[in-house]
Amino acid sequence: MVPQSLPPSRMVPLGMLLGLLMASCFTFCLSHQNPNEFALINSEKSSTKESERKETKAEEDLDTEVLEVFHPTQDWQALQPGQAVPAGSHVRLNLQTGAREVKLQYEDKFRNNLKRLKRGRRLDINTNTYTSQDLKSALAKFKEGAEVESSKEDKARQAEVKRFFRPIEELKKEFDELNIVIETDMQIMVRLINKFNSSSSSLEEKIAALFDLEYYVHQMDNAQDLLSFGGLQVVINGLNSTEPLVKEYAAFVLGAAFSSNPKVQVEAVEGGALQKLLVILATEQPLTAKKKVLFALCSLLRHFPYAQQQFLKLGGLQVLRDLVQEKSTEVLAVRVVTLLYDLVTEKMFAEEEAELTRDTSPEKLHQYRQVHLLPGLREQGWCEITARLLALPEHDAREKVLQTLGALLATCRDLYHQDPQLSRTLSSLQAEYQALAALELQEGEDEGYFRELLASVNSLLKELR
């Protein structure tokens, strides 16, 4: 049976109805569809930003949130967000997993920290949780406790010091009650000079005063203070005493005051000290007194060319020559030879210094050129005297004589060539020191004393051949 078609008049309303139905269905679908599907931004980026905002807000809220205490062990453990780490723990970032890990750094140190906290002030907080405000409060109280403990230690230390020492005010008060006055060095020296210069003082008191005075004038300032109030001249005048002990100790004080003190040296020469010292050496005096006088003379002449000029003018070389030729004066002879060596080399060094600095007319060099020491030594027979002193048995004395012979070699060369006794003595010393130097080498000494003496002997023999 062939179906019959609908008349056109009915098809138009049916089409309109079908169109309305489709529009309603499309509207319903749009109302239930996710709007992000048609957004013009990346949904993944939007969700990432949202999560970052949440994490930032969570971190900002950590200060007010209650934190869980993490209890580390000796092994590494992962630290969860929101957990607090006790002090003394070791925290690291695991680069493979990106997680933070915690363990105890030093078990003993951690226990000591806990013990120290137990001795200090404790906080009344929950042992499982605490906030950042609790941490700040605990830190403030910990610092306060440390200051209190430090203050207690300082007070205890001060009490300990007070137990052993007393304040200076208290000591001064007691000294005043005992009529004891604290003196300066200047006041002490004035008192000692007055005691020495007093006619009522006994010989023992004068010697004691000079002995104490020598201790103070070792200092350059004190020696100049002694000069300022006239004490130096009083001691110089003591060289005229008839008592050998007074001469001896007066020279002892002067030798200490002259040493490397140009101002005092100048005043001493002007005050007649040089003449008085030479007179004592030229007259019969005890050996102990001459030792002290020779010490004072050496201190006055060294590094003082003006005094050396006056020494030569006053016949000082002849006085020393007669001194070393006396019997039982070997000790003085070695000291005299050492003095002559120092004076000769001192002038040589001054000339070399002027040549190196290219200063043709320095005042110091001009003064040294006024000292004609080497011609005076040759004229007074010191070339032969020094050579005879090689017979001394002590190695130290021989060393000083060999040094002086080397310094006089340019002046005394022809006299040394004509002295067969000197050549025999040097040859004997060469054999002796060769044997001693060989023993030093066997004992493994790198820089031997006898090898140095042997070198000096060999050098002289070479010059004389």
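Start by selecting Lys-400, which is partly exposed with a relative accessible area of 23% (buried means under 20%, exposed over 50%, partly exposed in between, with a 1.4 Å probe and protein chains only). You are looking at a predicted model, where local features need pLDDT of at least 70, side-chain atom pairs count only at pLDDT 80 or more, and totals for chains, interfaces and linings use all residues. Residues are numbered from 1 along each chain as its sequence is written, and side-chain values use heavy atoms, leaving out hydrogens and water.

Lys-400 sits in helix α20, residues 395–407 (helices are DSSP runs of H or I, at least four residues, and strands are runs of E, at least two, numbered from the N terminus). Which residues does Lys-400 contact, leaving aside neighbours within four places in sequence? Show Val-334, Val-337 and Thr-338 (contact means heavy atoms within 4.5 Å).

Next, select helix α14, residues 305–313. Its buried residues are Pro-305, Ala-307, Gln-308, Gln-309, Gln-310 and Phe-311. Colour the helices they pack against, including α11 (262–270), α13 (287–301) and α16 (330–357). Just after α14, click on Gly-315, which takes a positive phi of about 75 degrees.

For the last stop, go to Asp-446, in the loop between α22 (420–442) and α23 (449–464). Is Asp-446 buried or exposed? Asp-446 counts as exposed because its relative accessible area is 72%.
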